[in-house]
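Subject: Structure handover

Hello,

Here is the structure you will be working with. Please open it next to this email and follow along.

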Amino acid sequence: MEFMELNNGMKCPIIGIGTFMLSPEDAENSVREALKMGYRMVDTANAYVNERACGRGIRDSGVDRKDIFVSTKIWPSEYTNPTAVDETLERLGLEYVDLLYIHQPAGDWLAGYRQLEKAYREGKAKSIGISNFEGKYLDELRTKWEIVPQFIQVEAHPYFVQKDLRKVTDPLGIKIMSWYPLGHGDSKLLSESIFEELGKKHGKTPAQIILRWHTQMGFSVIPGSRNISHIRDNLDILDFKLSDEEMSHIATLDKDERYYHRTDEQLDQFAAWKPDFEKA
């Protein structure tokens, strides 16, 4: 495994197993098998309603807890719940997480961030982050945080490389964790000729080339799957590197174009919705 160093001195794996949209059964199986095959990072969230399953997968993997980087996210309905962090840890069956996010700039998100800072000071979160905080939300948070976050989790892929965001985060040492790393499975992105050409050259698939691009951009990446073969393939990116010339060629694909466009109405809906934790 390769690691990146965070702005608080911690080390984080460059690739992990994501569990977005996985059922509890699938999340448990994917996490357990991923850890057995060499992954050392697991990403989940309150809103995924599979934290308990991820915890079971972690325990059943046989991998020592101290060697696993566990990331989860507090949902907006929990930002003002004073026991939200403890309840999250209880669902995971862990004494601490390695990375704790607030998931959306919805509801009383400043209260949520204060919860992260408190958890960090108490050792319940070894690092903290913000998910989907861009533009005006990040600008406002920067004037109010007491502890600079270690991570921001956002959409990023070769069509959308987050140039503007990085002008803010890079000087602060805030790392990007990519979601939709393969363009939400967009066949157009995956079939770009550059990825097919590089795949043939390096003996890799287009998806593996894109995942390696992420890590060489300095991003941490968390592709998710319930397919064990895909999970194994996603990890098989550590035995080659793209050259500067190849990275520059991929850079020409940037369109500053997202797949997901969030609205203010959706943020209001996020603030009102509470996950059904009994299904976790």
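Start with one definition: a residue is buried under 20% relative accessible area, exposed over 50%, and partly exposed in between, using a 1.4 Å probe and protein chains only. Now apply it. Phe3 has 47% relative accessibility, so Phe3 counts as partly exposed.

Two notes on the source. This is a predicted model, in which local features need pLDDT of at least 70 and side-chain atom pairs count only at pLDDT 80 or more, while totals for chains, interfaces and linings use all residues. Residues are numbered from 1 along each chain as its sequence is written, and side-chain values use heavy atoms, with hydrogens and water left out.

**The start of the chain**

Phe3 lies in strand β1 (residues 3-5). Strands here are DSSP runs of E with at least two residues; helices are runs of H or I with at least four; both are numbered from the N terminus. Contact means heavy atoms within 4.5 Å. Leaving aside neighbours within four places in sequence, Phe3 is in contact with Lys11, Cys12, Pro13 and Ile14. Gly93 is 90 residues from Phe3 along the chain, and their C-alpha atoms are separated by 25 Å.

**The sheet**

Two strands pair if DSSP finds at least two bridges between them. Eight strands form an open sheet, with parallel pairing. Read the order as β3-β4-β5-β6-β7-β8-β9-β10. The edge strands are β3 (17-18) and β10, and each pairs on one side only. Look inside the sheet at β7 (residues 128-131) and β8 (residues 151-155): three bridges join them, and they run parallel. Which residue of β8 is the bridge partner of Gly129? The partner is Phe151.

**Helix α4**

Find Trp109 in helix α4 (residues 109-122). Trp109 counts as buried because its relative accessibility is 9%. Apart from neighbours within four places in sequence, its contacts are Tyr79, Ile102, Gln104, Phe133, Tyr137, Glu140 and Leu141. Take Tyr137 from that list. Trp109 and Tyr137 are 28 residues apart in sequence, and 9.6 Å apart in space, C-alpha to C-alpha.

Glu117 is also in helix α4. Is Glu117 buried or exposed? Its relative accessibility is 0%, so Glu117 counts as buried. The Glu117 side chain reaches the backbone nitrogen of Glu146 at 2.6 Å. Beyond four places in sequence, Glu117 is in contact with Ile128, Trp145, Glu146 and Ile147.

**Helix α9**

Helix α9 (residues 206-216) is mostly covered, with nine of its eleven residues buried. The buried ones are Ala207, Gln208, Ile209, Ile210, Leu211, Arg212, Trp213, His214 and Thr215. What covers them? The cover includes β9 (175-179), α7 (187-190), α8 (193-202), β10 (220-221), α10 (228-235) and α11 (244-251). Just after α9, Gly218 takes a positive phi of about 95°.

**Aromatic rings**

Rings of Phe, Tyr and Trp (its six-membered ring) pair if their centres lie within 6.5 Å; planes under 30 degrees apart count as stacked, over 60 as edge-to-face and the rest as tilted. The structure holds seven aromatic pairs. One of them is Trp75 with Phe270: the centres are 5.3 Å apart and the planes are at 70°, so the pair is edge-to-face. Trp75 lies in the loop between β5 (69-74) and α3 (84-92), and Phe270 in helix α12 (residues 264-272), so this pair ties together parts that are 195 residues apart in sequence. Trp75 counts as buried at 5% relative accessibility. Phe270 is buried too, with a relative accessible area of 16%.

Trp179 and Tyr260 form another edge-to-face pair, at 5.9 Å centre to centre with 65° between the planes. Trp179 is in strand β9, Tyr260 is in the loop between α11 and α12, and they are 81 residues apart. Trp179 is buried at 17% relative accessible area, whereas Tyr260 is partly exposed at 25%.

Finally, find the cluster: Trp75, Phe270 and Trp273 form one aromatic cluster.

Best wishes

Definitions and conventions: Polar contact = N/O pair within 3.5 Å; in protein donor to acceptor, adjacent residues only side chain to side chain.
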